[in-house]
Structure formats: structure tokens, C-alpha cells
Amino acid sequence: MASLTSHLPIFLFLFLFLTILISSESQSFIGVNYGQVADNLPPPSATAKLLQSTSIKQVRLYGSDPDVINALANTGIGIVIGIANGDIPSLAADPNAAAQWINSHVVPFYPSSKITLINVGNEVLLSNEQGLISQLLPAMRNVQSALSASSLGGKVRVSTVHAMTVLSQSDPPSSGRFNPGMLDVLKDLLAFQRDNASPFAVNPYPFFAYQSDPRPETLEFCLFQPNAGRVDSGSGIKYMNMFDAQVDAVKSALNAIGFNDIDILVAETGWPYHGDSNEVGPSVENAKAYNGNLIQHLRSMVGTPLIPGKPVETYIFALYDEDLKPGPASERSFGLFKPDLSPTYDAGLSKSSQTPSTPSVTPSPKPTTSSKWCVPKTSGVSDAQLQANLDYACGHGIDCSPIQPGGACFDPNTVASHAAYAMNLYYHTVGTDPINCDFSQTATLTSTNPSYNACVYPGGGSSSLPVAATKMNKISNDGFSKVRTGSSIRNKILVYMFLFLFYSLSL
């Protein structure tokens, strides 16, 4: 038998590699937009340090500022750079111009600066400039050819960003269809993107959906807060938030023209914390709720009903306010951070912070005790509703670590079980008023202790008897439970690989 100590360096390397792999994947889908239409921004070096103190793993630039790209070198942060709409004609007309652009804006920085994507233009189709629109695809092709000539093909992708107006209809999500007037252009763009494995980038904003329908129930739906949900009359799917509905409308439009294999990238989404007096929706509370609950939703690995099992790569708008932008006050009030690098509000992005609370309640510091436990109803509750309850409860600053991998209540790894734990903890943290165990009429109080094995639910005294773990899972787990197990299965495979390698080295 070989000495284990002789293989210790390899053993430690494998352990660290697997640990980094597991942890890094969990946040790689959270990005932020770094706009620079401002005269009060901190230096790029300070911004790079700020980003490293957060869970943000991707940054989208609207241009290709070399100072910013340099500042992000060796940070591991992915960088999306942009080509201005005004540069499209020259890049379309001359392959040499595209090669020069790549040699000036990408080659000198890669791979130290982790450039992952080049967006050729921003919302070009929205401009209605037919000449510019006709030059978009030739420009993208020339940029792709220039990347390939520099041995960066497949390493740096090429895309373009669209406004949601590329859809002629989006409600319900299953009816999502592209604007007929743009269809031929989009099909050609998508064929190019399929050939080069690049994503379809789009800017969904539930904020604007709320402005067009400013009812309280719409606000709850847009902010990922408990709500009655909206049933898609075409698919029968009940949607619990506007973000999923908008993304799935785009997915339906892609499916309808045969591009169901194209990934969707959310290039922009956000909520302003301030606006003019006549603007509906902007507030610190709403911005904190939207961005905080969006981040929690992405971290849950749920995806959307039509894209289950993985979160959509999403870039929040924006890192800072851009004080030189024209338009209403809300246009200058999307920043997650202030120029002095302090947070505008806690969106849960700090590596050391809890997920942020939504504005409706202020939790007590410790759970109370009661002879009752708050659990999901055993019938008539969908997995989408349970996931919304889970996001909402954990979004109020309660300690949801027991239902994270390695926690005492992680197994069984189902939405029903995790939601039950979180809902009960929320009930005992906020206060044991029955209204705190309502969850849009999807929960009920029970005197039967749902604790099992080492998983202890806060609640009544020792006289209550635990029930078997399986009893917490009578609610159907089709669909969304598979989503939550996706990352767990991947992580378990990695652990088994590690144990196998350890055993092999010990022989």
C-alpha cells in the first residue's frame, strides 16, 4: 500500500479544487451593470475591491474602458464588454476594422481580465433605423471572425442586447411571440448565435410592468412577495413572480420559431430607489425587496418553469447611479452602491450578509416559542407557491442555513420540506400571530411537531412528538423539487469523485 502522506499534496489540491468548484458555481450567475454616464464615480481600482467584497461574479460594461478592464484583472470576475451602436457600420463594412477592435480592446487584456462576452450594440432593433439594423449581423460576424483569428473563438462569445419590445405579445408567458416585423432579422441573428453558442440577451423589467398596472397585487407579484399567483391560460402553469413570467415569455418566443436550444441572458433588470413625484413604484423599500428577492430566487437554483434546474445568468442594473443620464429621476436612481462605496441599501450581495428583508415586517432577533407549528397545507398548494414562500421567508433575514447543503434539515432536499422549515421559522421569528402563518392561504398551524431526526423545528415543548420526515413531503414535488436537487446532485457527484480519488491514492 502506498503511503498516504506521499500523496498528501495531491490530496490537498483535489480537496481545494472541488471546494472552489462547488462554491464558485453557486454565484457565477449573478452580475451587475457598470454604467459610466456620471461624473462622480469612484476609481476603477476601488470598484474592483468593492466587487471582490460581494458575491457578484460578473460585470457588464457598456463600452470597453481599458482602466476598468485592467482593474478587474486577476479578480476572477467575468467581464462583458460592449461595442457602441455608432461603431456597428464600420465593423460591418470592414473585417479589418473588427480585427483592429479585437486587437485593441480584447487581446491585450485576455486572459488576465476574464472577458467572456462582447455585446455588439445595445437595443439596436428598438432604434428602428433600418440601415443600422441591417448592419448588425455583418458586424457580429466580423467580430466573431476576428476573435477566431486571435484564437479566442469559443472563449469569448458574441451577442447583442434586446429590449422586451422585440416581443409583440408576452401575456400569458406561453403566448410569447416575437414582433413579426423583426422576425426575419431575429431568425438570422439567432442562427448565428446558435452556431457560436452565444446567449440571447434581453432586458426584462418588472418595474415597468408594475408602472403600467399599479395595483397592490401586481406589486407583490413583481417583488417576489407572497401572492395568489397568475395562471397561464395556455400552459396551466401558475407563475408566482413577474421575472419568471417575462423570461418565460422570451423562452416561448424562441421555442415558437425553433430556437429552443438558445440560452437566455438577462442583460438588465432592476428597480429604482427614487423617482419623481409622479412616478409610481420607485422607493428604497421596493428596490430592496425586488433586488434582494431576485438574488435569493437566483441562488435557490430554481430557474423558471420553462427553464428549470438552473438560474438564468442575470445582470442587475446598476452598480452605481449615473447622475448625467437624462429623463425622469428614476433613471438616475438604480445604483446598488453610492460613489463612496457604501451600499444604497442591503440587497444581500455582501459575502458576509444575510439575504435582505422585504419591507412588510421587522423580524425579532430570536424566535419565540409556541405550541403550534406553521407548515404548508397538505393539498392544493403548488411547488411554485412553496418556492415563493421559501424565498419570502428566507428573504426576511431568518437563518435558513439548516436547509442549505450540510444543514440538519437539508435532507430531504425538496421544496416542500425546505419551505416547511422556513415558513415555520418565519412564523416563530416574526411573531406567533396566525396572520404570520397565512402565506396567501397556503399554510396552516398544527399541534403535531414536524421535527425529525436532527432537524428541530422551533415550536412547542418536549411533549410534542416528531413525525417521520416523509410526512412533510406529501405535497407533490413534481418539477420544482427536481430543480433544487440539481445543484445537490452535482455537488454529491463531486464529493464521490473526491472520495474515489482519495481511496485510489491510498492503495
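A polar contact here is a pair of N or O atoms within 3.5 Å; within protein, one must be able to donate a hydrogen and the other to accept it, and residues adjacent in sequence count only if both atoms are side-chain atoms. The model is a predicted one, in which local features need pLDDT of at least 70 and side-chain atom pairs count only at pLDDT 80 or more, while totals for chains, interfaces and linings use all residues. Residues are numbered from 1 along each chain as its sequence is written, and side-chain values use heavy atoms, with hydrogens and water left out.

First, the overall picture. The protein chain has 14 helices and 16 strands, where helices (H or I, at least four residues) and strands (E, at least two) are DSSP runs numbered from the N terminus. Of its 507 residues, 52% count as buried; buried means under 20% relative accessible area, exposed over 50%, and partly exposed in between (1.4 Å probe, protein chains only). Contact means heavy atoms within 4.5 Å. Among contacts in the chain between residues at least 6 apart in sequence, 72% join residues at least 24 apart.

Back to threonine 344, which belongs to the loop between E14 and E15. With a relative accessible area of 16%, threonine 344 is buried. Setting aside neighbours within four places in sequence, its contacts are Tyr273, Gly335, Leu336, Phe337 and Lys338. Tyrosine 320 is found in the loop between strand E14 (314–316) and strand E15 (373–376), and is buried at a relative accessible area of 2%. Its side chain makes a polar contact of 2.7 Å with the side chain of threonine 47. Beyond residues up to four places away in sequence, tyrosine 320 touches a set that includes Tyr34, Leu41, Pro42, Leu50, Gly335 and Phe337. Proline 339 is 19 residues away from tyrosine 320 in sequence, with 7.0 Å between the two C-alpha atoms.

Threonine 47 leads on to helix H2 (residues 44–52), whose buried residues are Ala46, Thr47, Ala48, Leu50 and Leu51. What covers them includes E1, E2 and helix H3 (66–71). Strand E1 (residues 30–34) holds asparagine 33, a buried residue with a relative accessible area of 0%. The side chain of asparagine 33 has two polar partners: the side chain of arginine 60 at 3.1 Å and the side chain of tyrosine 62 at 3.0 Å. Other residues in contact with asparagine 33 include Ala267, Glu268, Tyr315 and Phe317.

Strand E2 (residues 58–61) runs parallel to E3, and three bridges join the two; strands pair if DSSP finds at least two bridges between them. In this pairing, glutamine 58 stands opposite glycine 78. In a regular strand the side chains alternate between the two faces of the sheet. Strand E3 (residues 78–83) has six of its six residues buried, with Gly78, Val80 and Gly82 on one side and Ile79, Ile81 and Ile83 on the other.

A search of the whole structure finds one cavity of 30 Å³ or more. On a 1 Å grid over the protein atoms alone, a cavity is a set of points where a 1.4 Å probe fits but cannot get out, and lining residues have an atom within 4 Å of a point. Grid points are joined across faces, edges and corners, and a volume is the space filled by probe spheres set on the points. The largest cavity holds about 100 Å³. Its lining has 13 residues, with Met240, Asn241, Asp244, His297 and Ala384 nearest its centre. Strand E10 (238–239) and helix H12 (383–394) each supply at least two lining residues, and H12 gives the largest share, four.

Most residues other than glycine have a negative phi, and most peptide bonds are trans. A cis bond, however, joins tyrosine 110 and proline 111, with omega about 5°, and another joins aspartate 171 and proline 172, with omega about 0°. Asparagine 74 has a positive phi of about 65°; this residue is in the loop between H3 and E3 and counts as exposed at 65% relative accessibility. Glutamate 123 also has a positive phi, near 55°, and is partly exposed at 22%.

Key
1 Å grid on protein atoms, 1.4 Å probe; cavity = no way out; pocket = protein on both sides within 12 Å on 5 of 7 lines; lining within 4 Å.
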